[in-house]
Amino acid sequence: MSDLAEVARLKAAMWQMRFVLMQRRVLDPAQIALHQLAHYKWMIAQEKSGHIVLSGPVFDEAGAAVGGMTLFALSDLVAVRALAESDPFIASGAMGFELRVWQLNEGRLTLSVDLSDLTGRPGMGA
């Protein structure tokens, strides 16, 4: 089998699901604390509505928070842009953002659920 044929075969077997990734960056650090509670409530509402797959802060090598990343379970950039602009961190000017379409092809994700209280814990890798 040629390399091109093998690439085509592998791509055809991959999941190839598309998501929108929002990358937030801090613009005005003084505004973060003022809008943090509203941001958390907004994030939880998006999670509960099924719009968010994964989300959290991003840190530099020294451990300082420099922004955040959110993976939306949506592939419509217009819809995600409207959601992103309603994030209190974004609306207040505390953070700016960029959107990217991300095609998920490979990786491994596991989920452990304790049936006694329905708590879960994701795992990465083997």
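## Basis of the values

This is a predicted model, in which local features need pLDDT of at least 70 and side-chain atom pairs count only at pLDDT 80 or more, while totals for chains, interfaces and linings use all residues. Residues are numbered from 1 along each chain as its sequence is written, and side-chain values use heavy atoms, with hydrogens and water left out.

## Salt bridges

The count comes to two salt bridges, a salt bridge being a side-chain nitrogen of Lys or Arg within 4 Å of a carboxyl oxygen of Asp or Glu. One of them joins Glu6 to Arg9, with 2.9 Å between the closest N and O atoms; both residues belong to helix 1 (residues 3-13), where they are three residues apart, about one turn of the helix. Helices are DSSP runs of H or I with at least four residues, strands are runs of E with at least two, and both are numbered from the N terminus.

Glu6 is partly exposed because its relative accessibility is 27%, where the class lies between buried (under 20% relative accessible area) and exposed (over 50%), using a 1.4 Å probe and protein chains only. Arg9, at 42%, is likewise partly exposed.

Glu98 and Arg100 also form a salt bridge, their closest N and O atoms lying 3.0 Å apart. Glu98 counts as partly exposed at 34% relative accessibility, and Arg100 counts as partly exposed at 43%.

## Strand 5

Val113 is located in strand 5 (residues 109-114), and its relative accessible area of 41% makes this residue partly exposed.
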